[in-house]
Each structure stands twice: as structure tokens, then as C-alpha cells.
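Welcome, and please load the model in your viewer. We will walk through it one selection at a time.

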Amino acid sequence: MTSRIPRDSRLRLVRPRPLAAAPQAMNQRRPRRPAPRPPEGTPARSELAAMARSGLAAAARVARWADSALGPGRGSATADGKATLSDATADQAARALGLTAAQVRADWDTARLAGLVEVHGGTARPGWRLRAWNRDDSAVLRGWVALFDAWSLAHPEPAGQEPAAVAEVVSAMPQVLSFLQLSAGPVPVAQLLDLLEQRVTELRTERCEVPYGPRLEPGTPGTEPAPAPAADTPLAPLLDWALDALAAVGALTCGDGQATLTPLGNWAVWVKLEQICVAAQSPAGNIEQSAEGMLRGCGRLRPNAARAEYRAWLAARPVGSAVAELLGAARGEDALLRGLAFDALRVVGAPAEPDVRAVLDEPTLRPYALLWLAEHDGADPEDAHEVLTRPEATWLWVDTAAAVADHGEAPLLVRHLESAVQATVPALLDEVRAVGHPRTVQVLVALAAAHPDPALAKAVRRAAFQVHTGGS
């Protein structure tokens with residue numbers, strides 16, 4: 001006769017795997033694609049970072065002043081709740097730094113565009129790049145690239161220009177910059193103007209659409225006059241403006257009727273071209289999705305394919321907003337998305353560190369953030385779980401089990417039992433009840449239904465009932 005007394009089944013101790021890797025334990029390792037090399041003659045990253053630090057030194061100085069003078073309870077940076085520096089603050093900074101108010105405003109705008117300063121309502125606070133400015137070359141280069149991307153904001157167009165023509169020139173300049181990068185030397189401005197005019201013509205052609213509905217003859221009552229086309233706007237003054245703006249941010253130099261990319265500009269354009277290539281390689285087509293949609297699309301992909309999707313999705317977005325969107329998805333109710341979001345943040349790397357540290361106080365994200373930070377600091381992924389306390393490890397076990405129960409198969413949930421840090425099922429059940437995960441009951445019910453051992457399943461069901469009723 002079979003005993004109905006629950007047995008003290010021993011759990012085989014195995015090292016926990018990251019959530020995204022759990023369904024793909026048999027995934028074969030493929031050779032990694034070698035990282036692309038920048039063009040020959042490109043300075044080392046440390047030299048590029050030194051150039052960026054030099055070009056942004058004035059902006060960093062104003063940002064540090066704002067950090068010390070405009071902290072909580074010490075003052076307000078803006079007068080309108082936006083990013084515009086108030087007159088009083090500009091005068092205060094000018095006196096402290098020995099500058100004019102106009103210089104302070106210009107440096108403030110540069111700092112804001114480079115991510116050295118963040119404005120929230122009427123309060124300014126230092127961006128994560130400022131904190132890492134002296135020790136992290138990647139942070140410095142990303143800050144400079146952010147300014148490079150915003151060149152048309154850093155140096156607004158002259159007054160009186162046709163807005164449509166300005167927008168066309170801004171849209172066409174990436175091709176002009178690509179030509180400069182591929183030319184690897186000075187290019188006559190006249191040749192750039194010819195290229196700009198061709199590209200603007202292409203943009204206008206691409207926008208041409210056949211209107212739907214009945215066509216009315218000119219002069220018919222009820223018809224509105226067509227807006228004046230921008231086709232007659234001369235592009236030479238706008239090209240001069242664009243080149244001056246790019247020179248102002250340090251991307252190129254102009255002289256003797258020729259334009260040449262600086263080493264920083266050459267490197268930045270190469271980076272942008274590489275990002276376009278990576279984005280074009282997205283096999284699953286998730287680039288235009290939100291973070292949640294992209295992560296759901298990656299849920300059934302192998303790890304290598306998922307990482308390719310992460311890289312493509314990240315390449316199409318500013319890193320700051322991408323990290324914020326991934327963390328927003330991680331805060332949702334779907335535990336699978338939580339694990340996948342932190343896998344995507346592993347692809348982001350160092351730029352995500354400040355945001356990941358900022359969520360350590362959120363119980364739902366804390367275990368994931370601790371593992372991410374441990375791996376970022378050099379811990380072996382197989383050993384990173386050692387940074388978790390016992391309750392944190394148990395909470396993570398329940399969260400992972402919830403993901404498996406929602407998206408996996410019963411055998412996988414049974415195998416997940418082996419990854420618990422507790423040595424016995426009774427000990428696991430006791431600690432699972434203690435951590436108070438909101439999905440505890442559903443996880444235990446699913447595990448009881450999936451496990452082939454009737455005695456163990458009965459013990460798990462009893463634990464689920466006790467959690468549900470609040471008993472012991």
C-alpha cells in the first residue's frame with residue numbers, strides 16, 4: 001500500500017539560470033559576430049572621449065554649478081516649468097562662473113542637449129552622464145553624440161526661413177554627412193549643395209500622393225488654395241546654416257569653400273551607419289514596437305535571436321528613453337517581460353547602470369536589478385545569484401515560476417523546482433509563503449497540477465490553500 005504521508009523530497013541543487021534562458025536550456029552556442037571596426041585612422045575611444053570632454057567642458061562646468069547651487073530646496077532652474085533658464089538663475093550663474101548671462105544660457109542649452117542636465121518641472125538635476133563624466137568614456141561619447149543628433153536645436157536656423165524647407169534640409173543632412181564620411185577628406189561645399197538639392201528633390205517626390213475623393217477644378221467654390229511650395233526656397237543659405245551648426249557642435253570644420261569631418265564627427269557618422277545596418281538585420285520585425293510589444297515578440301525566440309532584436313530595437317532609439325521604456329515594461333504584471341526587459345538592459349550595458357540602480361528600492365525589480373549589477377560589475381552570470389539574500393532569491397524563484405506558468409509548459413515548471421535554493425520542498429514552501437509574492441497561490445496551484453508525484457502535489461496544494469486563506 002502506498003504511503004500517503006508527504007515525503008521530504010530532496011531538491012537537487014542547481015545554479016539558477018536567467019529567466020530568458022530557462023526555456024532554451026538546450027540552445028546551442030553560435031559564434032558571435034565580430035564587432036565592426038571603425039575606419040582606419042580613427043583615434044582610440046579614449047582620445048575621442050578627450051576631444052568630447054574638451055568640446056563640452058563649458059557645458060559640464062555649468063552643469064556642475066547647477067548641481068551644487070540648484071539642488072532640492074536651494075533654488076529653481078527655470079521660470080516657466082520648461083527647460084528655459086530663468087533670468088535670475090542665469091545672472092546667478094554668470095556671477096559665480098565669471099561669464100555673461102548669454103554664455104551661461106548657451107552652455108546650459110548644450111548641457112541639456114548632451115544629457116548633462118535634466119530638467120523636471122522647475123527643478124534641474126544632474127544627468128547620469130555628469131556623474132560618470134570623469135571616469136566613463138562611453139558616457140562622454142554618448143553625451144557628445146546626443147548633442148550631435150540635436151545639432152539643429154543647438155544652433156537654430158536664421159529667422160525668416162521657410163519652415164518646410166528647413167525640415168527638408170534637416171532630413172537630408174544625414175545623407176550629406178554620410179557622403180562626407182565616405183569621402184574621408186575635404187569636400188567642396190558646392191558639391192555638397194548639389195547632393196543636398198538632389199536629396200531634397202527625392203524627399204519631395206516621395207511625399208507626392210494622389211489625393212482621394214473627387215477632384216475639383218481650380219476656382220470651384222469650397223476649394224482652398226494650396227499652400228505655397230518650398231520648392232523655390234534657395235538651399236544654399238540653409239546648407240551654410242547646417243554646416244555652421246555642425247561645426248558649432250564639433251562635428252566638422254569649414255574653410256576655403258570646403259567641409260571636412262572632425263575625428264569625432266567622422267566616428268559619430270560611422271556609428272550611425274553601423275546602427276542602421278544593425279537595425280536592418282532585425283529578423284522578427286519588432287523595431288517599431290513599444291518595449292512591451294518588442295519583448296513579447298522576443299518571448300519565443302532563442303537567446304541569440306532575441307539579443308539581435310534587442311540590439312536592433314535599441315539602435316533605433318535614444319538610449320535614455322529606451323532604458324526608461326524597458327523598465328516601464330518590467331514594472332508590469334507579466335513576469336516574463338520583467339526577465340526579458342533586464343536581458344535587453346544587459347545589451348544596453350553601462351549606460352543603463354544609473355537607472356538600474358535607481359530601481360533597487362522597488363521590491364518587484366530589486367532581485368533582477370541586483371543580478372544585473374553583479375554581472376555588470378564582472379561577476380560570472382552563473383554565480384551572480386550569490387548577491388541575493390534568501391528572501392530575494394525565493395521571491396525571484398516565484399516570479400520566474402509565474403512566468404513559466406503563464407508562458408511555458410508543465411514539464412518546465414517541474415524542472416524549475418530544481419533551481420530553488422532551499423534543500424527540501426517543505427523548506428521551499430515555508431519560505432515561499434513568507435516572501436508574500438502576489439502570484440504565490442497561482443504558482444503553487446500550477447506546480448501541484450503539473451507535478452507527477454501525488455504526495456508532493458498534495459503538499460503543494462495544501463500550501464496554496466494556506467496562502468489563500470491566510471492560515472499556517
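Begin with the whole chain in view. Residues 24 or more positions apart account for 67% of the contacts in the protein with a separation of 6 or more; contact means heavy atoms within 4.5 Å. This is a predicted model, where local features need pLDDT of at least 70 and side-chain atom pairs count only at pLDDT 80 or more, while totals for chains, interfaces and linings use all residues. Residues are numbered from 1 along each chain as its sequence is written, and side-chain values use heavy atoms, leaving out hydrogens and water.

Now colour by secondary structure. The protein has 22 helices and 5 strands; these are DSSP runs numbered from the N terminus, helices being H or I with at least four residues and strands E with at least two. Of its 472 residues, 43% count as buried, meaning under 20% relative accessible area with a 1.4 Å probe, protein chains only.

**Stop 1: a nonpolar core**

Which residues have the most contacts inside the largest nonpolar core? Select Leu116, Trp144, Met173 and Leu196 to see them; this core has 68 residues. A nonpolar core is a set of buried Ala, Val, Leu, Ile, Met, Phe, Trp, Tyr and Cys residues joined through side-chain atoms within 4.5 Å. Helix 8 (residues 163–183) gives the most to this core, with 8 residues.

Zoom in on Leu116. Leaving aside neighbours within four places in sequence, Leu116 touches residues including Ala59, Pro126, Leu130 and Trp133.

**Stop 2: another core**

Next, select Trp313, Leu337, Tyr368 and Val404. They are among the 63 residues of another core, which lies apart from the largest one.

**Stop 3: helices 3 and 4**

Show residues 87–97 (helix 3) and 101–113 (helix 4): they pack at an angle of about 105°, with their axes 8 Å apart. Axes are lines fitted to C-alpha atoms, for helices over the stretch in contact, and angles run from 0 to 180 degrees between N-to-C directions. Helix 3 is therefore roughly perpendicular to helix 4, a term for angles of 65 to 115 degrees. Among the residues making the contact are Ala90 and Ala94 of helix 3, and Val104 and Arg105 of helix 4.

**Stop 4: helices 12 and 14**

Finally, select residues 291–298 (helix 12) and 319–330 (helix 14), whose axes come within 8 Å and cross at roughly 65°. That makes helix 12 roughly perpendicular to helix 14. Look for Ala291, Glu292, Met294 and Leu295 in helix 12, which meet Glu325, Leu326 and Ala329 in helix 14.

Note on methods:
Parallel < 35°, antiparallel > 145°, perpendicular 65-115°, else oblique. Buried < 20%, exposed > 50% of the residue type's maximum accessible area, 1.4 Å probe, protein only.
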